Amino acid sequence: TEIYTLSLHDALPIWSGKLLLGLKAYDHDGIAVNWAADEESLTIKPEQLDSVRNGGITAHLNIDLPAVGEIHLVTAVYDLTSSLAGTLEIPLQTTQK
């Protein structure tokens, strides 16, 4: 099991709301090998806003990946309150230990 941290900097200028966080893994041929999603509530006090903009928000999703091979992780963040969304693709080469 690998743990990846998503950092949400200025992507979501909200004070409170609900986020849908997603993580999907694809193999070399583009076939989905695993995925995970979670819904999180978020409330940012006005005095915390600068800190969140500068340091992001940490979220954790666990996903099992094949031990060997080329994997592409696609992260997704969807703000259920404002309908804003963002994605990031992360290419990985996994190796068996």
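Reader: In which order do the elements of the protein run from the N terminus on?
Author: The predicted model holds one helix and six strands. Read from the N terminus on, these elements follow the order β-β-β-α-β-β-β.

Reader: Among contacts between residues at least 6 apart in sequence, what percentage joins residues at least 24 apart?
Author: The protein has 97 residues, and 30% of them are buried. Of the contacts between residues at least 6 apart in sequence, the share that joins residues at least 24 apart is 64%.

Reader: What percentage of the accessible surface belongs to carbon and sulfur atoms?
Author: The accessible surface of the protein amounts to about 6400 Å². The part belonging to carbon and sulfur atoms is 51%.

Reader: Which element gives the most residues to the largest nonpolar core?
Author: The largest nonpolar core has 15 residues, of which Leu21, Ala25, Leu65 and Leu73 touch the most other members. At least two residues of this core come from each of β2 (16-26), α1 (49-55), β4 (58-63) and β5 (69-79). With four residues, the element that gives the most is β2. In soluble globular proteins, nonpolar side chains tend to be buried together.

Reader: How many residues apart in sequence are the parts that the pair Lys18 and Glu39 ties together?
Author: The count of salt bridges comes to one. Lys18 forms a salt bridge with Glu39, and their closest N and O atoms are 3.6 Å apart. Since Lys18 belongs to strand β2 and Glu39 to strand β3 (residues 32-43), the pair links parts whose separation in sequence is 21 residues.

Reader: Is Lys18 buried, partly exposed or exposed, and how does Glu39 count?
Author: Exposed residues have a relative accessible area over 50% and buried ones under 20%. Lys18 has a relative accessibility of 38% and therefore counts as partly exposed. Glu39, with a relative accessible area of 44%, is likewise partly exposed.

Reader: Which side chain of opposite charge is nearest to Asp79, and how far away is it?
Author: Asp79 lies in strand β5. Asp79 is buried yet has no salt bridge. A salt bridge requires a side-chain nitrogen of Lys or Arg within 4 Å of a carboxyl oxygen. For Asp79, the nearest side chain of opposite charge is 11 Å away and belongs to Lys18.

Reader: Which side chain does a polar contact of 2.8 Å join to that of Asp79?
Author: A polar atom of the Asp79 side chain lies 2.8 Å from the backbone nitrogen of Thr81. Between side chains, a polar contact of 2.8 Å joins Asp79 to Ser82.

Reader: What is the length of the polar contact that joins the side chains of His72 and Glu89?
Author: His72 lies in strand β5. Leaving aside neighbours within four places in sequence, His72 is in contact with Lys24, Ala25, Tyr26, Glu89, Ile90 and Pro91. The side chains of His72 and Glu89 are joined by a polar contact of 2.9 Å.

Reader: Is Thr94 buried or exposed?
Author: Thr94 has its place in strand β6 (residues 85-94). A residue is buried when its relative accessible area is under 20%. The relative accessible area of Thr94 is 14%, so Thr94 is buried.

Reader: What distance separates the C-alpha atoms of Thr94 and Ile71?
Author: Not counting residues up to four places away in sequence, Thr94 touches Pro66, Ala67, Val68, Gly69 and Ile71. Thr94 and Ile71 are 23 residues apart along the chain, and the separation of their C-alpha atoms is 7.1 Å.

Terms used. Residues are numbered from 1 along each chain as its sequence is written. This is a predicted model: local features need pLDDT of at least 70, side-chain atom pairs count only at pLDDT 80 or more; totals for chains, interfaces and linings use all residues. Side-chain values use heavy atoms; hydrogens and water are left out. Buried means under 20% relative accessible area, exposed over 50%, partly exposed in between (1.4 Å probe, protein chains only). Contact means heavy atoms within 4.5 Å. A nonpolar core is a set of buried Ala, Val, Leu, Ile, Met, Phe, Trp, Tyr and Cys residues joined through side-chain atoms within 4.5 Å. A polar contact is a pair of N or O atoms within 3.5 Å; within protein, one must be able to donate a hydrogen and the other to accept it, and residues adjacent in sequence count only if both atoms are side-chain atoms. Lys and Arg count as positive and Asp and Glu as negative; His and the chain ends are not counted. Accessible areas come from the Shrake-Rupley method with a 1.4 Å probe; for residues, only the protein chains shown count as cover.
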